[in-house]
Amino acid sequence: MRIFRPLVFLLAAIAATAFADDTLDASKFFDNANQQLADMRKQLAGKDIDNTLLDALRGQNSDLVAQAQALIDDRTPALATLQARATELGAAPTGNVKEAPDITAQRKDIDRQRASLEADIKRARFVIGDANLLAGAISQARRNNFQARLTQRTASPLTPTFWRDLVAGLARDRDAVSTLVGELRASLARAFAPDRLARTLGGIALGLFVSVFLRWFAESALMRWTANRVPHGRLRRSALAAAIVAGMTLFSGIGALIMVAGFGEALDEDSHAVGAALVLAAIWGSFVAGLSRALLSTARPSWRLPPIDDDVAQRLRALPWLSGCAVVFGVFVNRFYALAGTGVSMTILGDLSVSIVYALVIGWSLARVTRRASAPQQAARPAWMGAAIALLWLGVFAALVAALTGYIELAYQIARQMIFTSIVAATLYLLVHFIEDLFAGAVHSQAGWMRRTLGLSQHALDQWSVLCSGVLRVAAIALGLIFLLKPLGTDPSELMAQAGHLDSGLSIGQISVTPTAIVTAALVLLVGIAAVRGLQRWLRGTYLPTTRLDEAMRNSITTLLGWLGIVVVIAFALSALGLSLERIAWVASALSVGIGFGLQAIVQNFVSGLILLVERPVKVGDWVVIGDIEGDIRRVNVRATEIQLGDRSTAIVPNSQLITQSVRNVTLANAEGRVMFKLPLPLDCDAAHVREIVLEALAAHVGVLAKPAPSVLLDGIANGNLVFVAAAYIASPRQAGSVRSDLLIEILSRLRAQGIALSSPLQVAVGGVPAPVVDGVATTAHS
């Protein structure tokens, strides 16, 4: 040990050096973090804070939270390691007991490092708390700006004052717009110069080819593939609609990128930013146009996904291009004004133009939808659709009235919210139906492969399909709601950041439940149950058949291991959720009183089921008699046992009855059965000859066992008759009825052939109970 002691001190010195460096870095981080938080509070306390500054503050604040959380994640494993080392060293000796100096030095070093790590973690949590408070203040400032813009009023566009103020403002913004327009002209001149003309025209031609011809070819190919490969049903329509939206957005965006890339180095920085704005506008416009085309499906009415009349769809056939162009106009105007750096007047003019365009497009669509149909019979419109149309009409009038009365920002927000809500609703409609149809179609088309691979029944596959599609639909709807909140002053990134802060957990007493823990516990539960089911299938189908265990024992082993595995998986899932074994024991003890009173019978049956599987007084396949119930055990469940009766009906017997009551197991110790019957014969017959005849008949039957050997005994003389008792053993008591019938027929035939007649009447008893007379023969069957 003395040889290795210098090496231990060397490693400790290296660790201490690294720890000192980490401590120094942590101190710098906390100093910088506090300074950044103070600076952001000062900026937030200023006046006239625009959303650009708020976005920058929110990004800086999010980075600070991420750095603090990274510091916590880095310190937590190190702290756990130090705590484990301290546990290995044990408590410091008390009294006059002394320990080795190196152990004392290690203990002090561990305590010092642990105190420093705990301090870093606490300070990082304080930083996260301050950052969260600052994030709330930033969100409140954003909402205040939004409300202030809504209540801001200018002169009415119907009055000359509005246009005089607008012209005066445009004169101030003329230089910024002229500069940007001049740069665009210069860039276009360079792009169409003779040395660059071929590349520019080639890029434009290739972009148009991709956007138009290649997109048309892809849609035609998808149409053929969907008709030939996708199973019949709603999946064809939803898959084709989703493919149209994706194809139009993808090819239009790629085409726009190719056209902008064709200009190459001819574009300066500002011109390139304008080109990027055009690409973004083209992507959004093509998405909206593709979504409208996919849902209306005027060219293929039979493939139309929503329940829209053909007459209404034909009246709205221009909607895809109108809505797409309106979205392109709105997106590009906002981006152009931001790039040009214009003032309030130009922004007001842009918002007024966009709000009027949006309101007119929506109003035109509503007028087309609500126009009286030419057909004499028109399907009744659902109540929710009528309410939606009424709300949209109200929004259109509100936007136009607000725009004409000078509330330009209010009109812009109303119009944008209507168009944005329509886009999100249509996207969610398509996405939800596509998810539902995809899972349903995949399960039905690949049911055989899934059953063989996963080992699940069709009913279980249907349940998993519905469950997975439901979870994905809820996620899609939640995502849509997040995007709907964006125009109302709440940014999706802000919501995601707030959702990320939930990772700190919800404290319930001493238990902290976090989303990560919930997801981990769910994954542990699902994976564990799947592993247990896989182990059961492997044992039942592969391993146990190679052993000498009978089928009932194999079934008991797999069932017992399944229950034990489920208990272990649930324990691991609860541990992943944050519930330790001590807490689980505390919860179990707290629930024991309720279980004792309310679930006493269920617990009793459950424990009885475990006893049945371990002791196996009865097992699957046994022939049992309990009370007036007689039949074969088909299954031993957690609470009850299934017994199949002779008439093929099933009796459900609680497991506790099989433990607490008297049960006759016909096939427990020995599966052999016995056939016994009495033969009354006259007193003048030859008893030895009769015995020989009956023994030959018993031995000749193939169902009678040679060992134990059959027997024929003279039981006595009763009512003036000799009473013989014949007994034979058979392979199974289930064969007693057929074997007894065959033996009686054979014995009676042989006795008649020898001229020996049976005496009648006679008393017949089966198991001590009077039994019917069969050709003068008393029969009994025992096992």
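Reply: In this predicted model, a search of the whole structure finds six aromatic pairs. One of them is formed by W538 and Y543, whose rings lie 5.6 Å apart, centre to centre, with 10° between their planes. The pair counts as stacked because planes under 30 degrees apart are placed in that class. W538 is partly exposed, at 42% relative accessibility. Y543 likewise counts as partly exposed, with a relative accessible area of 42%.

Charged side chains provide a further kind of pairing, and the structure holds nine salt bridges. Among them is the bridge between R112 and D109, in which the closest N and O atoms are 2.6 Å apart. These two residues both belong to helix α3, which covers residues 101-151, and they are three residues apart, so about one helical turn separates them. R112 itself is partly exposed, with a relative accessible area of 43%.

R750 takes part in a salt bridge with E696, where the closest N and O atoms are 3.8 Å apart. Here the partners come from two helices: R750 lies in α22 (residues 736-753) and E696 in α21 (residues 687-700), so the pair ties together parts of the chain that are 54 residues apart in sequence. R750 also meets E746 in a salt bridge, at 2.7 Å from N to O. In this case R750 and E746 are four residues apart in helix α22, which means that about one helical turn lies between them. R750 is partly exposed, at 25% relative accessibility. E696 has a relative accessible area of 42% and is partly exposed, and E746, at 33%, is partly exposed as well. Elsewhere, D74, R75 and D120 are linked in a network of salt bridges.

L188, F192, L197 and L201 make a nonpolar surface patch of about 320 Å². Of these, L197 is found in helix α5, residues 197-229, and it is partly exposed, with 32% relative accessible area.

Leaving aside neighbours within four places in sequence, V260 is in contact with L267, G275 and V279. The C-alpha atom of V260 is separated by 7.8 Å from that of A276, a residue 16 positions away along the chain.

The sheet brings strands into the picture. Five strands form an open sheet in the order β6-β5-β4-β3-β7, with antiparallel pairing. At its edges stand β6 (650-654) and β7 (664-665); each has a single partner strand, so one side of each is left without a neighbour in the sheet. Strand β3 (residues 623-626) runs antiparallel to strand β4 (residues 629-636), and four bridges join them. Their hairpin has two residues between the strands, and within this hairpin G627 takes a positive phi near 65°. On its other pairing, β4 is joined by five bridges to strand β5 (residues 640-645), again in antiparallel fashion.

W623 stands opposite D632, and D632 in turn stands opposite Q644 in β5. Not counting residues up to four places away in sequence, D632 touches D622, W623, E642, I643, Q644 and R734. With a relative accessibility of 16%, D632 counts as buried.

These local details belong to a chain whose secondary structure comes to 22 helices and 13 strands. Of its 783 residues, 36% count as buried. Among contacts with a separation of 6 or more, 71% are made by residues 24 or more positions apart. The accessible surface of the protein chain comes to about 44400 Å², and carbon and sulfur atoms account for 64% of it.

Note on methods
Residues numbered from 1 in each chain as written. Predicted model: local features only at pLDDT ≥ 70, side-chain atom pairs only at ≥ 80, totals over all residues. Heavy atoms only, no water. Pairing = 2+ DSSP bridges. Phe/Tyr/Trp six-rings, centres within 6.5 Å; stacked < 30°, edge-to-face > 60°. Buried < 20%, exposed > 50% of the residue type's maximum accessible area, 1.4 Å probe, protein only. Contact = heavy atoms within 4.5 Å. Patch = residues over 30% accessible without salt bridge, like charges linked within 9 Å, V, L, I, M, F, W, Y side chains within 5 Å. Areas by Shrake-Rupley, 256 points an atom, 1.4 Å probe, with all protein chains shown as cover. Salt bridge = Lys/Arg side-chain N within 4 Å of Asp/Glu carboxyl O.
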